[in-house]
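Here is a short tour of some side-chain and helix contacts. Please have the structure open as you read.

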Amino acid sequence: MTITVERERLAKARVLIVGDAMLDRYWFGAVERISPEAPVPVVRVNREEERLGGAANVALNVKTLSTRATLLTVVGTDEPARRLRQLLEREGVSTVLGEDPQLYTIVKLRVIGRSQQLIRVDFENQPDHEVLAGMLTDYERALGDHDAVLFSDYGKGGLTHITRMIELARAQGKIVLVDPKGDDYSRYVGATIVTPNRKELQDVVGRWKSDDQLAEKALSLRKRLGLQALLVTLGKDGMTLFEERRVHHEPARAREVFDVSGAGDTVIATLGAMLGAGAPLHDAVVAANQAAGIVVGKLGTAVVHPEELMAELAQGR
C-alpha cells in the first residue's frame with residue numbers, strides 16, 4: 001500500500017472510541033526556593049495548559065491521523081466537562097457524551113518546574129452504573145457508522161459494560177481493539193486485539209524469565225480470550241505481536257525519550273486508524289511502533305501527525 005493510498009484510506013476510516021475521558025491540566029512555573037512550611041519546592045506558576053487525556057487523547061490521536069473519530073464517554077456537569085467539550089469540538093472530534101450529575105469529570109493536574117514533573121494531583125470518582133447502562137443504546141446506534149471500535153480502559157469505571165459492548169461490536173463484524181487495565185482480562189473475551197504493556201501483562205500472567213516463556217504465556221492468554229492477536233508493548237524493547245501461527249517482534253526505534261506519557265494512547269490510536277482503514281495487522285503494528293517512537297520525543301500527552309508518521313514509514317526506520 002503506497003503512502004498516498006494509505007492516507008486516502010485513513011481519511012475514509014471511521015473509529016469509535018469508548019472509555020474513560022480525562023482533562024489533563026499542566027501548570028508550568030519557575031522553581032527558585034524551598035518552602036519554609038515543608039521541604040518541598042515552591043513553584044511560581046507562569047503558564048497553564050489544558051489538553052485532552054485518557055480516551056479523549058486517544059480520540060484526538062485518531063483524528064490527528066486524518067481518520068474520523070467519535071468519542072463515546074460519560075462526563076459530569078462540572079467545569080472540567082465543559083472544557084472537555086470545548087477542546088473536543090475545537091479538535092473536530094465527534095462526541096456522544098452521557099452526563100452524570102454526581103460524577104467529577106476526571107482531571108489530572110501536573111505541576112512542572114525546570115522541565116520536570118514535580119507532582120500530579122488527580123480529581124475523580126466513579127460514574128453511576130445506571131447512566132452507563134443507559135448509554136448502551138447510544139453505543140449500539142453508533143456502531144453501524146464505524147469501521148472499528150477502540151476501548152480505552154483506564155480503570156475509572158466507564159467501561160463497566162465492556163463485555164456486552166464487545167459482543168455487540170463483533171456481532172456486527174467490527175474490528176475491536178482494547179487498551180486494557182487491571183487483572184481481569186475475561187472482560188475482553190472476543191476482542192480482535194488487546195494491547196497490554198509489560199507490567200499490565202505481568203499482572204495477569206505473572207513474570208517471565210525468557211522470551212520463550214513470554215511467548216508461552218502470551219499465546220496461552222490469546223487463545224483463552226479468543227483474540228485474533230495480543231500485542232505486548234515493551235517500552236525500550238519495542239513490541240511483540242502474538243498471533244495463532246506467528247510471533248513477530250518490532251524493535252523500538254532509536255531516538256531520545258523525553259516523555260512516555262500518552263505513548264500507549266498513540267499506539268492503540270494508530271492501530272485503530274490503520275485497521276479501520278483496511279491495513280493488514282502487521283502493517284498496522286509497524287506504523288504503531290513508529291508512532292510511539294515519535295510521540296515519546298514530545299512533552300506530555302502529545303499526538304503524531306500523519307506527515308510525521310508517513311515520513312518515518314517512507315524511510316523504513
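Is F151 buried or exposed? In this predicted model, F151 has a relative accessible area of 0%, so it is buried.

## Aromatic pairs

Searching the whole structure turns up three aromatic pairs. One of them joins Y139 and F151: the ring centres are 6.3 Å apart and the planes make an angle of 40 degrees, which gives a tilted pair. Y139 belongs to helix α5 (residues 136-143) and F151 to strand β8 (residues 148-152), so the pair ties together parts that are twelve residues apart in sequence.

What about the other partner's surroundings? Y139 also counts as buried, because its relative accessibility is 0%, under the 20% cut-off.

## Charges over rings

Two arginines are worth a look here. R47 lies over the face of F28, 4.0 Å from the ring centre. R51 places its charged end over the ring of Y26, at 4.4 Å from the centre of that ring.

## Helices α9 and α10

Now turn to helix α9 (residues 263-276) and helix α10 (residues 281-295), which pack with their axes 8 Å apart and at an angle of about 145 degrees. Their crossing is right-handed.

Which residues in α9 meet α10? They are A263, T266, V267, T270, L271, M274 and L275. On the α10 side, the contact includes L281, D283, A284, V285 and A287, together with A288, A291, A292 and V295. By type, the residues of this contact divide into 13 nonpolar, two polar and one charged.

Terms used
Residues numbered from 1 in each chain as written. Predicted model: local features only at pLDDT ≥ 70, side-chain atom pairs only at ≥ 80, totals over all residues. Heavy atoms only, no water. Phe/Tyr/Trp six-rings, centres within 6.5 Å; stacked < 30°, edge-to-face > 60°. Helix = DSSP H or I, 4+ residues; strand = E, 2+ residues; numbered from the N terminus. Buried < 20%, exposed > 50% of the residue type's maximum accessible area, 1.4 Å probe, protein only. Lys NZ or Arg CZ within 6 Å of the ring centre and 35° of its normal. Axes fitted to C-alpha atoms, helices over the stretch in contact; angles between N-to-C directions. Left-handed = near helix turned anticlockwise from the far one by under 90°. Contact = heavy atoms within 4.5 Å. Nonpolar A, V, L, I, M, F, W, Y, C, P; charged D, E, K, R; others polar.
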